Amino acid sequence: MLNGVPELEPRLLLASSRVVVDDAGGRAIQQTLRQGIDWTVFARLAVAHGVAGLSGHTLSRVAPDLVAEEILDALRISLQQTGRANRARFEELAGVLEALAADGVEAIPFKGPMLAVRAYPDPGLRAFGKLKLLVRDQQLAATIATLRRLGYAQRERLTQAHFERLHRLQGQGTVFNEATGFAIATYTRLASKLAIDIDYPALWRRAQRVELNGRSLLLLAPEDDFIVLAVDGCAHGWGKMKWACDIAAFISAHPHLDWTALLARARAQGCLRMVLLATGLARRYFDAAVPERVAAVERAVPRIERLAGRIAGRQWRTGEVTSAPASNAISLDRLLLHDGLLRRARYLARQTVQQLERWQGALAGSERALTLLPASTETRAAVRQHQKARVEAERMLAAHPDDAAAWARLGDAFAGLKRHQQAIACYDRVLEAAPYNTAVWKRRASALAAAGENGDRAEVPPSGSGDAEKWAVHAGRLFSTRCFAEAIEASDRALALDPGLVAAVRVGIHARQFACDWSRRTQDRRQIADGVRDGKRYTTPFFHRAISESEAEGLALARLCTQAQRRAKKPLWGGEPYRHSKIRIAYMSTDFRDHVVADMIAGCFEQHDRARFDITAISLGPNDRSAMRARIGAAVERFIDSRAMSDAQVARRIRELEIDVLIDLNGSSGENRPEILRHRPAPVQATYLGYPGTTAMPCVDYIIADRFVIPHDQRRWYTEQVVDLPHSFMPNDRTRPIAPGTPGRLEAGLPDAGFVFACHNHEYKLNPEIFDVWMRLLRAVDGSVMWLKSFNPTAVINLRREARARGVAPERLLFAPHVQRSADHLARLRLADLFLDTLPYNAHATACDALWAGLPVLTCLGTTFPGRVGASLLHALGLPELVTTSLTEYEALALALARDPGRLAALRATLQGNRETQPLFDTRRLTRNLETAYATMWQRREAGLAPASFSVEG
């Protein structure tokens, strides 16, 4: 109840979040639906409670005619994506278990994908995160060693001895594989935050070998598995429905549970009340088939009934999403759910002891304190670096209290020193000014998790608030978590209170781009243009490229951003000559990791002429411990991890190295750090690859491009001097592998027959003009489909609605699921017939993917750098006939190729041959051209000449 009024959306969610719904339950759901549902509220609650798949599955079965079609589409997509993710997690888990077994380690997986596969009829019904393993204490070291060999590592900078010590204190630890995105939590003790007496020897004895999805796995006995689920739900306070749904689903999937043994084990281990609360919630609110004798035991403990009613009444039926108290906090509910006074006393004592974990975090901020801990030399160096960054950020803020970049750097320093609450406060200061900063939202979420808090607390909207800025910040958080429809709504709430709030306008425009919500496209374009004229930055330069066809407007916006930066200081390089035997080149980027920029440039690093050039990589981004990061590190003379360094420190390091030519691979994209360039640490500074446009920064001397992307008549819109490479500016790695076997069409989610148009660009590059063309092509080519990359659910809903409005069945839009390995994605691209490019922002790396895989790309020449990349690539590949100059010509050629299989086959054959002979994929040739460009820049500087545009011959 809210203010005495029953809420329909929480009631519907509670009724639909179950595996089995009988006829009476179905009629009750239909009756609730007829009263009118706010689907935005319902979707938010379903996601927050972790039951979107389960509730959507139920609604699509019992009342499909009463649910909005786009909601059903979103729920189906969520079900498919979650199922794919859980299957991928299961396969990863099975592979890890095989590797552990080969190393002599026995492990028991529990919860996570195991529960999705074993308890739910469809693995897409319940989303899970970490993979969880129980191992014996004496095998912990061997377990960690195996996981490290598989690419898993803890995110904290700890020695293995230190990690094992913390693991033994807490009973668990988590390691991450940044390359794959998987996380594994290894447990030697279950429920370490509670004071119950798990009988581990008996638990291991009762474990059973089970054949599951073709794998032989050692699993907990069902009764032990149930106890683990019940205890875990109590540890989380049952704040979300998903934990009770797990109990109900488990009961349904295990009709032969030995309840007598289960209760006896719970009683002996001190968690009977926890088990009874779990069965009570599942029985009362999810119709779980609990035997009467078990229900009688539950009813005999009045506290259980009161607590179950309070959980459902306050946390589920009101629509409030609560989180468990921090794991190191004392909870009265947790205390009273322990059986007996002795265990309650032990619980209180244990919480006190476990404050050691927090003390360790505080100690990590003190170099003297590090002598008390088994910290590595690397850890000590990192602490010193974070301390220096903190001092410099505080000094900067003393002079410029509103400097958002300095607040972000201070937050990063505090996070590195384990002072997470202070880090969160710093990030909040940044987000007040820039709520659309997704990177800062992610770092804030990491700090919240590290502080033992649940991010759900920050997700509650400012209900009833008349504060426009609070709504703008909330909109920014929603945008950062890809809740684009909700972000648009929150932005509108902010603008209703303050129509001139720039931050709210910006979030709304960006969210509509990602949501493919074109209802205000004309208005957004006009507002951006008016804002640039009036000195208001309603979008970032990067996203402006996807909505504007004006280079003049792009320059004006870039200048606005430059004006917002601080005035340049005295340059670090003052004109003094260097005397080196080799030209010293430094590449600077936030993306020396598993990232598209690294994919494109890594081959060039390896091809550089070491006799003439000394190469340094300056990494400003995270260390994802990926194979790509290691590859780049091996390809250069020195790799400098500078993420924890301040802008001034990075600039000083560049100056100390006497770098001749500094290449910034970010430009105005990503978490770029322009202040480094403003310090002028190098005689020559250039921008390349990361951003297709001008930076408007006087300290950037050159932009590396080609004659297609920046024609001579467009150079006036660039403050940099333009360097034309002879073919295409785009680097490619010709060693990129393609999986040997092309999957079948059905395996890739494509129809057995029919023409496949494809476009795997990001959703923000799509617009109604190009979509109109695509839909006319689908209507004209019988049986054809449009194959897109996997978009966010809001974009999928909107695109299918737009297709239907244009007379095309929504199911003819197909969305390719994400695959972990690039080689597999390249292999499946061969299934498509023709790649259709976007405008005004072409496919860049995505087009290179298609061409490398042998898939022809049809492009339309735009009026700006990002809209002319397709032409650059195709000319460099010897296929200029696939470059059109208008959307009318683009549509006509696409239709002609779709109707002429012979002509298309000839194009594919030409493409296949040209891959090996033409310049586009010749990494060595591109590298030699870059080296000529660098040498020319350096020679001009050595001769005392000002930067000037030039062309490289080759």
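**Ground rules**

I note that this is a predicted model, in which local features need pLDDT of at least 70 and side-chain atom pairs count only at pLDDT 80 or more, while totals for chains, interfaces and linings use all residues. Residues are numbered from 1 along each chain as its sequence is written, and side-chain values use heavy atoms, with hydrogens and water left out.

**Entry: aromatic rings**

I began with the way ring pairs are reported: a pair of aromatic rings is described by the distance of the centres and the angle of the planes. Rings of Phe, Tyr and Trp (for Trp, its six-membered ring) pair if their centres lie within 6.5 Å, and planes under 30 degrees apart count as stacked, over 60 as edge-to-face and the rest as tilted. By this rule the count comes to 24 aromatic pairs.

One of them is the stacked pair of Phe 484 and Phe 514, with 5.3 Å from centre to centre and 20° between the planes. This pair links distant parts of the chain, since Phe 484 is in helix H25 (residues 484–497) and Phe 514 is in helix H26, 30 residues apart; helices (H or I, at least four residues) and strands (E, at least two) are DSSP runs, numbered from the N terminus. Both Phe 484 and Phe 514 are buried.

I then returned to Phe 865, whose ring centre is 5.3 Å from that of Phe 729 with the planes at 85°, so the pair is edge-to-face. Phe 729 is in the loop between strand E13 (721–725) and strand E14 (756–759), whereas Phe 865 is in the loop between strand E18 (857–860) and helix H38 (869–876), and the two are 136 residues apart. Phe 729 is buried as well, with a relative accessible area of 2%.

I also found one aromatic cluster formed by Phe 479, Phe 484, Phe 514, Phe 542, Phe 543, Tyr 764 and Tyr 841.

**Entry: Trp 518**

I located Trp 518 in the loop between helix H26 (502–515) and helix H27 (521–534), where Trp 518 is buried, with a relative accessible area of 9%. Which residues does Trp 518 contact, leaving aside its neighbours within four places in sequence? Taking contact as heavy atoms within 4.5 Å, I list Leu 766, Asn 767, Pro 768, Phe 771, Leu 799, Glu 802 and Arg 806. Trp 518 and Leu 766 are 248 residues apart in sequence and 9.6 Å apart in space, C-alpha to C-alpha.

**Entry: salt bridges**

Arg 806 counts as buried at 18% relative accessibility. The structure holds 52 salt bridges.

Another joins Arg 284 and Glu 298, with the closest N and O atoms 2.9 Å apart. Arg 284 lies in helix H13 (residues 272–286) and Glu 298 in helix H14 (residues 292–299), so the pair ties together parts that are 14 residues apart in sequence. Arg 284 is partly exposed, with a relative accessible area of 27%, whereas Glu 298 counts as buried at 0%.

The side chains of Arg 299 and Glu 292 also meet in a salt bridge, at 2.3 Å from N to O, and Arg 299 counts as partly exposed at 40% relative accessibility. I noted too that Arg 206, Glu 223, Asp 224 and Arg 265 are linked in a network of salt bridges.

**Entry: nonpolar cores**

A nonpolar core is a set of buried Ala, Val, Leu, Ile, Met, Phe, Trp, Tyr and Cys residues joined through side-chain atoms within 4.5 Å. In the largest, which has 119 residues, Trp 774 and Met 937 touch the most other members. Not counting residues up to four places away in sequence, Met 937 touches Val 661, Val 684, Ala 686, Tyr 702, Ile 704, Val 723 and Phe 950. A second, separate core of 86 residues includes Ile 29, Cys 234, Cys 271 and Phe 286.

Notes
Buried means under 20% relative accessible area, exposed over 50%, partly exposed in between (1.4 Å probe, protein chains only). A salt bridge is a side-chain nitrogen of Lys or Arg within 4 Å of a carboxyl oxygen of Asp or Glu.
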